[in-house]
Amino acid sequence: MTEIIVVTSGKGGVGKTTTSASLAVGLAKRGKKVAVIDFDVGLRNLDLIMGCERRVVYDFVNVINGECTLKQALIKDKRYDSLFILAASQTRDKDALSRDGVDKVLKELAEDGFDFVICDSPAGIEKGAALAMYFADRAVVVVNPEVSSVRDSDRILGLLASKTRRAELGNGAVEQNLLLTRYNPNRVESGDMMSIADVQEILGIEVIGVIPESEGVLAASNAGVPVILDETSNAGLAYDDAVARLLGENRPLRFIDAQKKGLLSRLFRS
Amino acid sequence: MGILDFFKNKPKNTANVAKERLRIIVAQERAQRDSPDYLPTLRREILEVIKKYVNVDPDAVLISVERDGEHEVLELSVALPEKANAALGNG
């Protein structure tokens, strides 16, 4: 069985593509056959984060329009043999994606024995985002502990419950997981950032990972190496935990406590 | 609390403010999301009918659907203006 996972958020800039890339790599690293698809037609970026931007020949829309085969368009990752990237098209035509076309590609991936298909959703709730979530079995909702991101995520949860194939067929709900990114435990402790519990309480879905704010994320995208491969970065380690949880492992959250204070400040603040 | 806290301006707990605001807006938006599509039109039309007889404020008509077990209850509330003479004459 192929599991289709949409990485979505509503709001832009919260870390969907970073998350898609890291989840895909993490799953492939554990021996799974994975395809990761960029649904952001016109604003392709997954290729850059994955570090394969110079190897894009054909894209998602080319496959849908029958201008090439799926095999020709899938870019094989240089690090993991079982990982493939399908780039978004840079066309300006927003209607280039069709539901039937996406369905055809996903079916072919299932026939080819892929274990996971990660759909990297564009921001917003327009066509690209709607199609990225439509066929999903599971949704990873990426959220920053910040008001607009949380509100938009709730909007996305509403769409997942009504505008997906599973909802339409009454096939059981799309499984919904929360992934908090840019989490800063020190700011949570000082009271100027919402905590994991706060966000979870408002959205009411299970947390699958908490990625701490980390310099490693920018460094990773600069280099085109998904941050999960940086084992010196807390963000990378936290993504690895999230992948383990996706596969059913039970791992406690890490990097969620404020850094210990020095001796002096501890003396004065108890 | 440390001694030094006395000399510092205590920062406001903005995270709590954020959480409170979100709790309200999210609840409101969820209620809207789960209600039938025709509610806004129904509300507008009811308001037009009432306005023929009473000069009510556009915000005076509240309409909502509540779910109570198997039943759905359409709740309609109209706030009439305080002054009796706000009613339109029979002109």
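Predicted model: local features only at pLDDT ≥ 70, side-chain atom pairs only at ≥ 80, totals over all residues.
Begin by selecting the strands of chain A, where 8 strands form an open sheet in the order 3-4-2-5-1-6-7-8, with mixed pairing. The edges of this sheet are strand 3 and strand 8, the latter covering residues 206–212 of chain A, and each of these two pairs on one side only. Strands of a sheet pair through backbone hydrogen bonds, and they may do so in parallel or antiparallel fashion.

Next, select residues 3–8 and 138–143 of chain A, which are strand 1 and strand 6; these run parallel and are joined by 4 bridges. Within this pair, look for A:V6, which stands opposite A:A139 of strand 6.

Now move to helix 7 of chain A, residues 147–160. Its 14 residues should span 20 Å at 1.5 Å a residue, and because its end C-alpha atoms lie 20 Å apart, the model agrees with that expectation. Colour the buried residues of helix 7, which are A:S149, A:V150, A:S153, A:D154, A:I156, A:L157, A:G158, A:L159 and A:L160.

Is A:D77 buried or exposed? Its relative accessibility is 4%, and because buried means under 20%, A:D77 counts as buried. Show its side chain, and you will find that the side chain of A:D77 reaches the backbone nitrogen of A:R79 at 2.8 Å. Leaving aside neighbours within four places in sequence, A:D77 is in contact with A:M50, A:R55, A:L83 and A:I85, which can be selected together with it.

Finally, select chain B, whose secondary structure comes to 2 helices and 2 strands, following the pattern α-α-β-β along the sequence. Of its 91 residues, 15% count as buried. If you display the surface of chain B, the accessible area comes to about 7,600 Å², of which 54% belongs to carbon and sulfur atoms. Among contacts in chain B between residues at least 6 apart in sequence, 34% join residues at least 24 apart.

Conventions:
Residues numbered from 1 in each chain as written. Chains lettered and ligands numbered in written order. Heavy atoms only, no water. Buried < 20%, exposed > 50% of the residue type's maximum accessible area, 1.4 Å probe, protein only. Polar contact = N/O pair within 3.5 Å; in protein donor to acceptor, adjacent residues only side chain to side chain. Contact = heavy atoms within 4.5 Å. Areas by Shrake-Rupley, 256 points an atom, 1.4 Å probe, with all protein chains shown as cover. Pairing = 2+ DSSP bridges. Expected span 1.5 Å × (residues − 1).
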